[in-house]
Structures are given as structure tokens and as C-alpha cells.
Amino acid sequence: MRLYNTLTRTEETFAPGVDNTVRMYTCGLTVYARGHIGNFRTFVCTDVLRRTLRHLEGYTVRHVMNFTDVDDRTIIGAQKAGMDLRSYTDQYIAAFREDARALGLEPVEENPRATDPDNIAAMGELIDQLEKKGHAYRSDGSIYFKISTMADYGKLAHLDHEGIKPGARVDSDDYVKDDARDFVLWKATSPGEPTWEVVGAPGRPGWHLECSAMALRLLGPSPIDIHTGGVDLIFPHHENEIAQSECATGHQFSRFWFHVEHLIVDEQKMSKSLGNTHIIPEIVKAGFRPSAVRFLLLSAHYRKQLNFTWESLTQAEEAMRRLIDCITRLDGVAAAGSHPDTIARVEEARTAFAAAMRDDLNTAAALGAMFELVRALNSAIDAGQVGTDDLPAIREAFHNFDLVLGILSLRRAEDEQPPIPIEEIERCIDERQAARRRRDFAAADRVRQDLAARGVLLEDSPTGTRWKRK
Ligand code: AMP
Ligand code: ZN
């Protein structure tokens, strides 16, 4: 397949470097807040990359996605909350796992936490290598990476070396491209801050060091195949990961760099600091399903910005319904026979879908191919051109689309879950039955309408009352 590589600024043919296994690292959530749907745009696109590599290309994927559970933001957050760092970050890791499940992310092979002892030890080893090779120096209890010791520093972000100020240092985890400086590998801590000791220096890791250490420890030897994140991570985070890893090992760090463009709101990046974020529980409360969010996040190519509006979420929900309606109609096909024209449409859609995904993960075009098939099948059903012998090939096509997209299976799982607790639905059904028995039909109707407003429809049958999702 073809994949755009930020390192070379070109689309290249992708195949794993060694055997059939893709070794892939994703910079995971900084766990100082619940992840918002901007964060999840990056994670959903990365999940679809993972699924494409597995299910369409047939590779084995060894995928590591970390939790950044120590950095400037987590430490400040824990202090403000009056909690120890571990308990503070635990809550957001639990929330991430809930949202990841709701959005249908395939579990990855490893979810390391930066503060796990093995990872802290790996960070110490990396610093040791860098010091031995003359790429690091100590000052005021902290350890810095000296960017002038790396001739190609700035190759990922295309930094202009003229602008680099030799010798100037920066202690914060995040800063802008115009301010490229010697960055901190290991920070001296103030009293009361979480502290570990490596290479004889009590302190705590800089953000960039964490990912280099975890990627090399769990996916090495380098080069790994693909490193992913949102575009905001290109500089300084990924640039500095390259500097640390390549200077320590002497080998290329990652062959491909895959960056997802931002989810935006009113022309601005969705971000916690701008206060324009939306989180999954809030979206569910507003009556939308996570499967519609997943659909929306895949509706644009990952290298294009995507503007979030409630209107676009409504449209995603409608598109999901068209898809489900078509599949439900297929379930109702009872006439025997097969129709070569219909099977030809299925084959065209499969070819177009695979070509779109292999063309730098063009999910917008792949969804287009799937909906083209939905339209063709609806017309074919209307014209009596779908028979029971056509169904296995049609079902297999949708199954294969969904292995990559992960929206249909997610919707089915949601459909099995009631929108409100099952005990409450049962209590309402009993209440309605009681109202009917005392011939208070107005009260019985009110119960039914209340449930309908909350997304639950009641159906009466000779064997009793059943509920289904609206
Ligand atoms: P953070 O928790 O800030 O480290 O971010 C986790 C991931 O979400 C990173 O890969 C970011 O690049 C990505 N990210 C943050 N905001 C957005 C956004 N608005 N759209 C897409 N990705 C984002
Ligand atoms: Zn990272």
C-alpha cells in the first residue's frame, strides 16, 4: 500500500522492514484529562491504519500505544487536585479505556505507562548512552540533549538551522519550532514532586525521552516501521524522539512517520486549552452514538482538517442508518436465485474500497465505495435483482469493509445495549401493564411516550411486550 511519510514528504510504498510484522508506535494520551474527540480522531485513524495493515494487507501488527502519565501537565493537574500522580492519572486511563471501547478501537498489543519501572529504567539507559556518546550534558541538576551534536537535527520538521540558537536551553515539554533549543531529557524536581533516580540524578523524565525509551524497549531494535501521532507532535516531540533514539542507537528510529491532521472547531484546533472540546459521555448524553462519531471521524482523509459541527454528527448518524437499513433489507430477501449484475456491483465496490484504503488510507473514498454499493443494492432489491444465492457474497463484502472501518460491528454492539438501564425499561413495562389493567390508557400511553423520547420503543405481541432501540 501507499502511505504518506512525513519524513520524506512523499507517498511511499509501505511494507514492514523485517518479516511480516509491522512494528508500530503511537503516542498515546497525556492522562491529565479525559481524551476529547480531537484526540480520538488521531486514535481512530491510527486504529484504521492498524486494521488495514492486518485485515487488508495481511500483516501481523505489533502495536504499542503509551499513556503519558508523567509530564508538566499531569504533575500540575495532580498537585491542583491534591492527589498523588498515580491515582490522578489512573482515573483518566480508565476513562480512556471506556471511550476507546465505545469507539471500537482494537486493543493494541501493549499499553505501557511511562512511570512503569521497566520504562523508567529504559529511560536511564538511553540517557547513559547519550552521555557516553557526547550528546547530553548536565546543568542545575537536569540533563539536556545538545542539539548541535546532531548534524541532521530538524529533519522531520524541516527546521531552518539558521534559526537555531546554540547553547540555549528549554525546560518545558512543549515549545514552538522557532524556538528550537537544547531540550531537557531528565528534569531536576522540586520538593514534593514525584521523583525517580536514574544515572545518579534524582528527577523525572522529559516527555520526549519517555516515548523513545518505550518504543525502543518494546519494538526495537530500530528502525521500527511506523510512528504515529497528531500533526502537532511533529515538533518538538517527534523531532526530539528522533534525536534521542538515533544518537543513542546509531540507527534510524522509524521508517515511516504517520501524522493525523486536526479536528477543528470554528477554524481552531479542538484542544483543552481553548475550551472547545467535546468528550464521548457528553456526545452520548446529547443523543448520539459513538458509532456515528467514529463514522464522522473517518469521513475525511486523515491528512485533511475536519471541522466538527453537531450538524455533521447528525449527517453521520443518518449515513449510519442508511447503511443499517440496507443490511436489514438484505435480511428480508427471500427469493431464490442469483444475479450476475448484482454480484458484479459487489466486486466493483470491493475493488474500489481496497484501492482507496491502499491509496494512503483514503477512508473518505472507501466510504464512498461502500455507499455506492448501498445505493446499487437498494435499487437491485427494488427491481427484484437480489436473490438468496447473492447474499453470501454481499454479506462477505460488508464484513470485509467492516474489518477495516469498524463501524457496523460497533453499531450492532450498541444495538444490543439498551440506551437506559434494562431494569428501568422493565419497570416501565410493568408500570404500563398495570395502567392498562386498570384501563388508564392515558397513563399507559405516557409511559410509552416517555420511553420513546429516551430512545426505547415498545412492541406488543401475543407473547408480551418487547423493547427495541429507536
Ligand atoms: P495529548 O494527550 O495532548 O498528548 O494528545 C494525544 C494525541 O491526540 C496526540 O497524538 C495529539 O496530536 C492528538 N490530538 C490532540 N488534539 C487533536 C485534534 N484536535 N485533532 C486531532 N488530533 C489531536
Ligand atoms: Zn510520544
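How far is an oxygen atom of ligand 1 from an N or O atom in the side chain of Thr30? In this predicted model, the separation between that ligand oxygen and the side-chain atom of Thr30 is 2.9 Å, and the protein as a whole covers 95% of the 490 Å² of accessible area that ligand 1 has on its own.

Other polar atoms approach the ligand as well. A nitrogen atom of ligand 1 lies 2.7 Å from a polar side-chain atom of Thr42, while an oxygen atom of the ligand is 3.0 Å from a backbone N or O atom of Gly230. Thr30 and Thr42 also belong, together with Asp232, Leu263 and Met270, to the residues that come nearest among the 18 around ligand 1.

Turning to the shell around ligand 1 and its secondary structure, helix H1, which spans 37-56, and strand E11, which spans 224-230, each supply at least two residues, and H1 gives the most, with four residues. By residue class, the shell around ligand 1 comprises nine polar, five nonpolar and four charged residues.

The structure holds one cavity of 30 Å³ or more, and the largest cavity contains about 30 Å³ of space.

Notes:
Residues numbered from 1 in each chain as written. Chains lettered and ligands numbered in written order. Predicted model: local features only at pLDDT ≥ 70, side-chain atom pairs only at ≥ 80, totals over all residues. Heavy atoms only, no water. 1 Å grid on protein atoms, 1.4 Å probe; cavity = no way out; pocket = protein on both sides within 12 Å on 5 of 7 lines; lining within 4 Å. Points joined across faces, edges and corners; volume = space filled by probe spheres on them. Near = heavy atom within 4 Å. Polar contact = N/O pair within 3.5 Å; in protein donor to acceptor, adjacent residues only side chain to side chain. Areas by Shrake-Rupley, 256 points an atom, 1.4 Å probe, with all protein chains shown as cover. Nonpolar A, V, L, I, M, F, W, Y, C, P; charged D, E, K, R; others polar.
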